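Open the model in a viewer and keep a selection panel at hand. The stops below each give something to select and then what is there.

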Amino acid sequence: MVRASTIAWVKRMELGVLAWGDGGWGDELARGAMVTIAIASAAYVVGSVLGILFAAMKLSGSSTLRSLATAYTTAMRGMPEMLVIYIVFFGGGSLGTWIATNVLGVRGHVDLPSFAVGVVCIALSVAAYACEVIRGAVLAVPHGQIEAAQAVGMTSLQRNRLVVAPQAFRLALPGMTNVWQFTVKDTALVSIIGVTEVMRSASIASNATKQPFTFYLAALAIFIVIAYLSQRLFTRLQQSADRGVRWGA
Amino acid sequence: MGGLDHLGFILDTVLHLSVGIPRTLVLAAVSLSIGFVLAVGVAVAVLAPARVPRKLAEGYVYVFRSSPLLVQIFLIYYGSGQFRGALEFLGLWHFFREAWFCAILALALNTGAYTAVLIAGGLRSVPWGQIEAAQAVGMSRYRVFASIAFPQALRHALPAYSNEVVLMIKATALASTITLLEITGLAKQLSAETYRPFEVFAAAGIIYIALNGMVAGGFGLIERALHRR
């Protein structure tokens, strides 16, 4: 009985559907994986830049800037990422339609480019998490060094560029590795607005072949491989950032 | 359209969507409870000297932490259809065709993996001397775990766990992709009916931010109460 049902299970998963080329969906999944990596990388870069900006606002002397940044990170971290995508994609689309009809006098519906919206939405959420990581890293740079930089007559720009930033980079790396890992996972959400990344490639393939388990399992495996490889890359980066650091000093 | 009209509509929408709050909270609470029990077992297995359970536990944690929850939900909900025959034979199809069951299963397995890491971290933080002292006064292995190690591990893991609860409340929104009408599902429906997506989704966002604010506040109170003693 166990044998019979095992055979039935294996038979249900015809792995030929994962083949490359016209006969299978392997190349579509691989292309989806490339799109996933592209969205994640773009969102990570944009989100990190925004994160630096928000961290600077949180560390600034102005209470207005500080509370603006706090309001932003609180809202973004309290709201499902999927809602952010809905707000920007559908809300932005209807705003575009409103502008088109009332300002430009053109009739019709405005659709936003889903790839760009996907990148922007993921970046907005990356920014909120990156902001906390970067702020923590900047605060972890020993204060004596900042005083020393002032003492040798550095301007605040020189101080930030030559003393704070290089060290904050190293200290932020573990946290930013985490941020990268969840950025990759968040990209699955942009499948809901029609971007053909891994998840949507898997959906299309499973609709065509009626083998959803095979394809979502393949998507799962692709994400695990991306996570594994990027972890190794970040470990390398950390090792190179840590060279020349005397531990316990 | 004036600004007041928008505000009024958003307020109406918040009321309309609040029907989904109990569903969101039930999804989160049930998955968190099942996930927590699972996580305790997994954390113990991760720290166990026995090789096979340790490797299994580590594998589970790795798979569920490095893949997106959306893929996990679809794998369980849509993927189970591929094995309908086998599941019917085992009498399990009845469960797997239910979106509620699949959503809770996926959410529980997901939070179980993340929580296991937190609990294992908490258990590691208990000073070894305490375990030795407990053994020395003749406590059984179970007593050492239940009354010495575990309570301290929980206390250690509490701040990070409050974060996990917030993440889970956010994660329940994904259940809307498999037809569940919790807050986000209702918002999608309402947005399609009213053609006012921005206000509707913003209203849903306000509800989530309020819920998560309360959760974070509640955990803050618990932490302070534990600290006082």
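How many salt bridges does the count come to over all chains? The count comes to seven. Keep in mind throughout that this is a predicted model.

**Stop 1: a salt bridge within chain A**

Select K58(A) and E132(A). Their side chains meet in a salt bridge, with 2.6 Å from N to O. K58(A) lies in helix α2 of chain A, residues 26-59, and E132(A) in helix α5 of chain A, so the pair ties together parts that are 74 residues apart in sequence. Colour the two residues by accessibility. K58(A) has a relative accessible area of 14% and is buried, whereas E132(A), at 22%, counts as partly exposed.

**Stop 2: the salt bridge between the chains**

Now select K170(B) and E81(A). They form a salt bridge, and the closest N and O atoms are 3.1 Å apart. K170(B) lies in helix α9 of chain B and E81(A) in helix α4 of chain A, residues 81-102, so this pair joins two chains. Both K170(B) and E81(A) are buried. Between chain B and chain A the count is one salt bridge.

**Stop 3: the interface**

Select the residues of each chain that touch the other.

**Stop 4: the nonpolar cores**

Select L17(B) and I178(B). In the largest nonpolar core, which has 115 residues, these two touch the most other members. Helix α5 of chain A, residues 114-140, gives the most to this core, with 13 residues. Centre the view on I178(B). Not counting residues up to four places away in sequence, I178(B) touches I73(B), F74(B), Y77(B), Y78(B), A99(B), C102(B) and A103(B). A second, separate core has 23 residues, including V42(B), V61(B), V126(B) and F150(B).

**Stop 5: chain B as a whole**

Chain B has 11 helices and zero strands. Its C-alpha trace spans about 75 × 55 × 25 Å along the principal axes. Of its 229 residues, 48% count as buried. Among contacts in chain B between residues at least 6 apart in sequence, 76% join residues at least 24 apart.

Select T111(B), in helix α7 of chain B, residues 99-124. Is T111(B) buried or exposed? T111(B) is buried, with a relative accessible area of 0%. Setting aside neighbours within four places in sequence, T111(B) is in contact with S31(B), L32(B), G35(B), E164(B) and M168(B).

Then select R196(B) and E199(B). Their closest N and O atoms are 3.2 Å apart, in a salt bridge, and both residues are buried.

**Stop 6: two glutamines of chain A**

Bring chain A back and select Q181(A), in helix α7 of chain A, residues 156-186. Q181(A) is buried, at 14% relative accessible area. The side chain of Q181(A) reaches the backbone oxygen of A227(A) at 3.2 Å, and a polar contact of 3.1 Å joins it to the side chain of Q231(A). Apart from neighbours within four places in sequence, Q181(A) is in contact with A227(A), S230(A) and Q231(A).

Finish at Q145(A), in helix α6 of chain A, residues 143-151. Q145(A) is partly exposed, with a relative accessible area of 30%. Leaving out neighbours within four places in sequence, Q145(A) is in contact with V163(A) and Q167(A).

Note on methods. Residues numbered from 1 in each chain as written. Chains lettered and ligands numbered in written order. Predicted model: local features only at pLDDT ≥ 70, side-chain atom pairs only at ≥ 80, totals over all residues. Heavy atoms only, no water. Salt bridge = Lys/Arg side-chain N within 4 Å of Asp/Glu carboxyl O. Core = buried A, V, L, I, M, F, W, Y, C linked by side-chain atoms within 4.5 Å. Buried < 20%, exposed > 50% of the residue type's maximum accessible area, 1.4 Å probe, protein only. Helix = DSSP H or I, 4+ residues; strand = E, 2+ residues; numbered from the N terminus. Contact = heavy atoms within 4.5 Å. Polar contact = N/O pair within 3.5 Å; in protein donor to acceptor, adjacent residues only side chain to side chain.
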